[in-house]
Amino acid sequence: MQQIRHFINGSYTPSASAKTFEKRSPLNNQLLAQVDEGGQAEVDAAVAAARTALDGDWGRLSTEKRVSMLHAVADEITRRFDDFVAAEEADTGQPHHVIAHAFVPRGAANFKIFADVVKNVPTETFQMDTPDGRGALNYSVRKPKGVIGVISPWNAPFLLMTWKVGPALACGNTVVVKPSEETPATAALLGEVMNAVGVPPGVYNVVQGFGPDSAGEFLTRHDGVDAITFTGETRTGTAIMKASAEGIRDVSFELGGKNAGIVFADSGFDEAVEGIFRSAFMNTGQVCLGTERVYVERPIFDRFVAALKARCEAVKYGRPSDAGSNYGPLISQEHKQKVLSYYAKAVAEGATVVTGGGMPKMPGDLAEGAWVQPTIWTGLPETAAVVREEIFGPCCHIRPFDSEEEVVALANGNRYGLSTTIWTTNLGRAHRVAASVDVGITWVNSWFLRDLRTPFGGSKQSGIGREGGVHSLEFYTELRNVCIKL
Ligand code: NAD
Ligand code: 6OD
């Protein structure tokens, strides 16, 4: 039985309380690991180690040395690629191609990109006149913000955790990570990488545990933490914002979404079907950028619904290691119950179930796993719960529309504003609609195509702030101005 410990001050450590919790496989509900459950004592120890490293070896390192160390971290992740893939597959049960081609490579990329950004970022200078004619020169210096609390979710655990740790460390901060209780493995494994390449103890710390009244909340309330970066549900963001208000600590939030996919009749039909299929069902629909509301222009509506239904009915359920499997389980039994409750709610609200709506029949031990069918509904008003609320499962509602104005209003009629995917071959329309939707990220004729230099984040209740490229520096550093009288 695997035991997953905290990683504090460069060492794997158990909880002082000796409390542990179980991590079970989403595939078949079998016990995978016992995980140490962190409390106040572990958060205190991790924050103290992070502060000592900040004021010591790490804080004294030149930018050049820090940057080259983060490149070494990326290279070591690549060298240990199979270990990270295996750990992430075990925790999430997702198909091998998703983990190995989309999610784990981003772990290495997240360290490289921000190391390069920090190395190349220019500083701002302003010359000014003074009454005595001598003049003055202003320049700004960027300082690390300090000890950063990183709280991350379970849906793409390694990608999302390193998306925060990479820029935080590149900017010279130290971190205390609280990974999701559902996916403790890759955050723990990253500790081995840090030690292997000589990152000083205390720079990267992990405390395992839960959110409310546990390690997560203790971290957000800790007065030794200077800023908190969080990815997760909007409701959790509210709790964290309240906790961080105590010390006037800065927050960066990447929160929930109820994203619209907009398909015009002039789109490349097959490409649009495939794009919407990926955006709604990749990772079993557990992607914040996923499409749970699809709007299709009326002339192609029936054909589109039929094609997406066929695509859903062709998915191959299976373990990550099964040849050809391309569809995995949900993360947990609890999440399965939540998604199934929305499936029941859709029917109660009068939906036409085009496909799915329940659990598949799985063979052998897989019958105990968190499997649900990919599901499509039509016929609901925008006020229906499954059209308004984030479900975070493999499902979407499809509705016809008749004009550009109508579809923009429909897309914007939601409290979230994370992303949109638009499918059209009309360039003018693509630009018009992209400029009119209230979201942080719009893809045209694509989805989840990521250039890590671009600003990433949500509008409305989907987040606060932007990360990515130089935008991450706004959160992970503090700008200080120096004015020199000449
Ligand atoms: P969650 O909010 O339940 O949990 C996320 C993390 O917060 C976990 O580590 C959890 O233990 C911790 N946590 C929970 N309550 C806490 C509290 N009171 N104080 C401190 N920490 C607490 O989210 P989840 O279920 O793990 O992830 C799914 C959600 O994340 C979805 O809403 C999804 O849209 C969102 N998400 C957003 C983005 C984005 O970039 N906008 C990316 C991925 C996921
Ligand atoms: O690509 C990223 O940087 C990112 N944060 C993706 C988020 C995916 C949400 O599930």
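Arginine 432 is partly exposed, with a relative accessible area of 43%; here buried denotes under 20% relative accessible area, exposed over 50%, and partly exposed the range in between, computed with a 1.4 Å probe on protein chains only. The structure is a predicted model, in which local features need pLDDT of at least 70 and side-chain atom pairs count only at pLDDT 80 or more, whereas totals for chains, interfaces and linings use all residues. Residues are numbered from 1 along each chain as its sequence is written, chains are lettered from A and ligands numbered from 1 in the order in which they are written, and side-chain values use heavy atoms, with hydrogens and water left out.

The side chain of arginine 432 meets that of glutamate 404 in a salt bridge, with an N to O distance of 2.7 Å. The term salt bridge refers to a side-chain nitrogen of Lys or Arg within 4 Å of a carboxyl oxygen of Asp or Glu. This pair links distant parts of the chain, 28 residues apart: arginine 432 belongs to helix α15 (residues 427-436) and glutamate 404 to helix α14 (residues 404-412). Helices (H or I, at least four residues) and strands (E, at least two) are DSSP runs, numbered from the N terminus. Glutamate 404 is buried, its relative accessible area being 15%. Both residues also take part in a network of salt bridges that links Asp266, Glu404, Arg429 and Arg432.

In total, 30 salt bridges are present in the structure. Among them is the contact between arginine 80 and glutamate 192, whose closest N and O atoms lie 2.9 Å apart. Distant parts of the chain are again linked, since arginine 80 is located in the loop between α3 (63-79) and α4 (81-92), and glutamate 192 in helix α7 (residues 185-197), 112 residues apart. Arginine 80 is buried, at 16% relative accessible area, whereas glutamate 192 is partly exposed, at 35%.

A further salt bridge joins the side chains of arginine 142 and glutamate 474, at 3.3 Å from N to O. The two residues, 332 residues apart, connect distant parts of the chain, namely strand β7 (residues 136-144), which holds arginine 142, and helix α16 (residues 471-476), which holds glutamate 474. Arginine 142 is partly exposed, with 29% relative accessible area.

Glycine 350 lies in the loop between α12 (333-348) and β15 (352-355). This glycine is partly exposed, with a relative accessible area of 46%.
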